[in-house]
2 protein chains.
Amino acid sequence: MEKIKIGLLGFGTVGQGVWKTIEMNRDELLKNTGLQISISKILINNLEKKRDIVPGAGVLTTNPEEIFEDDSIQIVVELVGGTDQAKSYLEKAIEKGKHVVTANKALLALYGKELTEKAETKGVQLRYEASVAGGIPILQSIQESLSANRIERIMGIVNGTTNYILTKMSREGVGFEDALAEAQQKGYAEADPTADVDGYDAAHKLTILAALGFKAGIDFQQVYREGIRRITPTDIEFAEELGYAVKLLAIGTEKEGKIELRVHPTFIDKDHPLAAVKDAFNAVFVEGNAVGELMFYGKGAGDLPTASAVLGDIIGVSQNLHHPHPQAYKLDFSNSAKTVVPMEDTQTAYYIRFMVKDRPGVLGRIASTFGGNGVSLSSVIQKGEGEGAVPLVFITHKTKESSVQKTIRQIKELEAVQEVANLIRVESLS
Amino acid sequence: MEKIKIGLLGFGTVGQGVWKTIEMNRDELLKNTGLQISISKILINNLEKKRDIVPGAGVLTTNPEEIFEDDSIQIVVELVGGTDQAKSYLEKAIEKGKHVVTANKALLALYGKELTEKAETKGVQLRYEASVAGGIPILQSIQESLSANRIERIMGIVNGTTNYILTKMSREGVGFEDALAEAQQKGYAEADPTADVDGYDAAHKLTILAALGFKAGIDFQQVYREGIRRITPTDIEFAEELGYAVKLLAIGTEKEGKIELRVHPTFIDKDHPLAAVKDAFNAVFVEGNAVGELMFYGKGAGDLPTASAVLGDIIGVSQNLHHPHPQAYKLDFSNSAKTVVPMEDTQTAYYIRFMVKDRPGVLGRIASTFGGNGVSLSSVIQKGEGEGAVPLVFITHKTKESSVQKTIRQIKELEAVQEVANLIRVESLS
């Protein structure tokens with residue numbers, strides 16, 4: 001039995017989850033790992049605040065130095081969130097020779113390179129399984145089990161909030177605003193939902209997944225990002241009619257050193273395993289050149305699922321305390337001969353919905369514009385008739401983003417076209 | 001860079017897959033792991049046989065001692081299959097202080113305890129990721145990432161052959177024999193399909209999953225086992241009508257030290273992620289008391305997917321060559337205070353299809369017999385009419401196996417009942 005003492009920075013949902021899991025599974029932890037893990041110190045903001053969990057005397061502190069200066073603490077777990085404060089805490093912990101575990105995706109997406117280098121210089125471990133897809137062991141699988149593969153594609157539903165909203169819209173036919181309001185009421189979405197619904201959170205996670213999967217330095221700014229605010233019940237209905245589900249996907253691909261990185265709403269085939277991922281669940285689809293297609297499914301958030309991942313990291317760090325750490329965790333976020341393909345050069349299929357005046361010749365003029373730009377069409381749906389505008393929907397074959405954008409600019413100018421109501425990428429899975 | 005020399009026992013599909021993957025991903029392996037892995041020796045039966053892959057001079061051998069006696073070989077990979085020969089090979093390799101990797105589920109299900117003890121005594125590692133669900137990293141996830149959890153349920157589609165057959169029966173309405181014939185023709189099923197279609201293979205895998213997940217010594221003989229030969233298109237149609245898919249599931253649960261272990265055809269809700277697992281794919285659903293529900297999906301067989309897992313093990317072993325091995329891999333298959341619940345005491349819901357004469361009063365008498373044994377019913381479907389026998393289908397609520405079996409024995413005696421055509425368990429997922 002080895003005693004492991006940890007210091008927690010932050011005692012919110014996840015911090016309390018870690019506490020509860022250690023209490024609940026004390027016997028299992030000891031039996032499974034030979035470790036006796038205890039939380040020595042917890043950094044909080046306010047000692048007076050009422051808490052459901054009341055740690056013993058001297059455990060709670062408002063002074064981070066008490067954790068950094070405590071030589072008996074081997075592992076510091078950062079759960080304060082945000083980036084600036086969290087970064088300076090982690091740097092201090094590393095500076096003091098402590099191993100560090102974090103669940104902070106924004107921090108890693110922005111400063112993963114820097115923190116990895118610092119940890120390596122000081123000879124400590126940095127692990128962050130909980131930063132992507134909560135309790136799902138996707139990072140360890142990529143870093144260890146799949147390390148004999150060249151990873152060719154990563155495609156994930158990595159944001160539970162938007163998946164909850166899209167599932168609700170699809171199931172009940174409600175609009176985005178109503179679904180968001182319910183997600184907020186149920187605690188699935190924040191009061192300011194920007195990070196989730198505009199795709200920042202998913203883009204942070206894609207940055208981490210791509211860095212690990214493609215072993216490449218990824219600059220978060222290079223990830224194309226589009227959220228779900230523009231999705232309407234009409235689009236979801238058309239998707240269903242055409243045999244698709246609408247999901248916010250984080251997609252990373254690598255082909256011959258060229259990387260695509262994009263987060264956007266996507267039509268995916270209803271038979272694809274990702275289409276069956278409902279509500280706030282997460283799933284990550286990975287394709288390796290030996291293993292083929294894999295999918296990992298589970299809870300992407302919540303106190304105990306996230307704690308499961310944080311504790312998995314604590315255990316992993318503990319088992320490598322006394323000898324050189326596995327290379328998989330000395331990842332180089334930094335240099336790379338690989339290039340990120342600009343969005344205009346990526347190729348997907350597209351769903352495009354126009355609102356047009358119901359007049360003879362409109363379909364022909366639009367279709368010819370597609371043809372004139374070399375964009376070939378796989379489906380067309382024209383619906384309704386009458387004096388007002390009617391929807392006219394096209395699905396293209398796989399084509400270059402720039403060709404589609406150019407076509408749309410031209411079609412917009414046609415007199416009968418009232419609106420380019422939406423453009424949603426269609427992921428072809430072959 | 002560290003040089004790792006391995007010896008392969010066997011050079012069939014998986015062995016050649018390992019060779020191909022090392023060739024194909026040499027750069028990735030070195031970059032991801034710092035290891036230069038090479039195959040020094042390969043044990044085969046016949047040096048004259050024509051092979052697509054022709055290793056260099058002196059690599060192929062028909063004498064296993066050349067591998068056991070070669071001090072430069074650190075890891076022996078057993079891929080000969082079968083149990084007796086494979087066991088004696090692994091024992092010799094362990095005896096010689098070599099680390100061992102195997103993909104042999106039958107061997108582990110029957111002798112896992114013995115081999116684990118032997119490996120521990122000699123201070124070598126024994127890994128077997130590829131033995132369950134091929135390329136899916138389910139064992140490492142249970143052993144490492146999820147080790148802060150108490151695993152409460154494991155439920156898997158772990159046999160690709162039967163899943164292919166059931167998918168085909170469901171998609172095309174063909175019978176078992178026709179679907180099997182096609183599976184054999186396509187290479188998904190062996191000439192003698194017993195191990196797959198009668199559930200032995202799935203039961204072997206469940207033994208391993210349960211030993212690791214529940215940290216308990218499981219005797220393979222204690223796994224209840226029933227194959228898919230009795231499934232008919234009629235049952236599949238009723239399943240679909242009732243909102244279920246039919247899958248051969250390997251189910252393990254633990255509740256308060258009591259373990260259930262069973263492999264049988266199962267009705268599962270169409271909305272459950274396992275229902276979407278089609279063709280020869282595998283998936284394992286795991287429930288932990290912290291992480292909640294997880295599912296791992298991918299290819300359960302094939303040369304490269306299996307090689308991905310074998311190489312993952314080789315890498316894992318290599319990274320722990322020079323220091324104490326992680327406790328997770330020193331698993332104790334042997335002793336356990338946990339008891340396996342006898343099948344007659346397990347509780348599930350049931351689908352039961354009778355063939356009855358279409359006469360007044362039959363439904364009433366059968367329903368009363370259920371009631372008289374305390375078995376309550378949730379659905380009844382009566383179909384067709386006429387002189388011959390017509391199907392009468394019941395779905396029960398969750399109830400004890402012994403009560404259902406007793407009821408059925410009584411119903412069989414009723415004059416109007418021609419046949420108890422099938423009994424299939426229905427997994428309630430709450």
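Right-handed here means that, with the strands pointing away from the viewer, the path from the first strand over the helix to the second runs clockwise. Helices (H or I, at least four residues) and strands (E, at least two) are DSSP runs, numbered from the N terminus.

A word on what you are viewing: this is a predicted model, in which local features need pLDDT of at least 70, side-chain atom pairs count only at pLDDT 80 or more, and totals for chains, interfaces and linings use all residues. Residues are numbered from 1 along each chain as its sequence is written, while chains are lettered from A and ligands numbered from 1 in the order in which they are written.

**Around β5 of chain A**

Stay with the two strands. β5(A) and β6(A) pair in the parallel sense over two bridges; two strands pair if DSSP finds at least two bridges between them. Click on Val100(A), and you will find its bridge partner in β6(A), Leu126(A).

Now show the side chains of β5(A).

To go from β4(A) to β5(A), the chain passes through helix α4 (residues 84–95) of chain A in a right-handed β-α-β crossover.

**The whole sheet**

Select the six strands of the open sheet in chain A: their order is β3-β2-β1-β4-β5-β6, with parallel pairing. At the edges stand β3 (60–61) and β6 (126–127) of chain A, each with a single partner strand, so one side of each has no neighbour in the sheet. Helix α1 (residues 13–24) of chain A packs on the sheet and touches β1 (2–9), β2 and β4 (75–78) of that chain, its direction making about 150° with that of β2(A). Contact means C-beta atoms, placed from the backbone, within 7 Å; the angle, on a scale from 0 to 180 degrees, is between N-to-C directions of axes fitted to C-alpha atoms, for helices over the stretch in contact.

**Where the chains meet**

Bring in chain B. A rotation of 180° with 0.0 Å of shift along its axis superposes chain A on chain B (RMSD 0.0 Å), by least squares on the C-alpha atoms of residues with pLDDT of at least 70 in both. That is the relation of a two-fold axis. To find the axis, select Phe296(A), which comes closest to it of the residues of chain A, at 2.4 Å (C-alpha).

Then select β12 (292–299) of chain A and β12 (residues 292–299) of chain B: they run antiparallel, joined by four bridges. Met295(A) has Tyr297(B) as its bridge partner.

Finally, colour the contact, which takes 50 residues from chain A and 50 residues from chain B. Which element gives the largest share of the side of chain A that touches chain B? That is α12(A), with nine residues. Because 100% of the interface residues of chain A are also interface residues in chain B, the copies meet through the same surface.

Methods: Contact = placed C-beta atoms within 7 Å.
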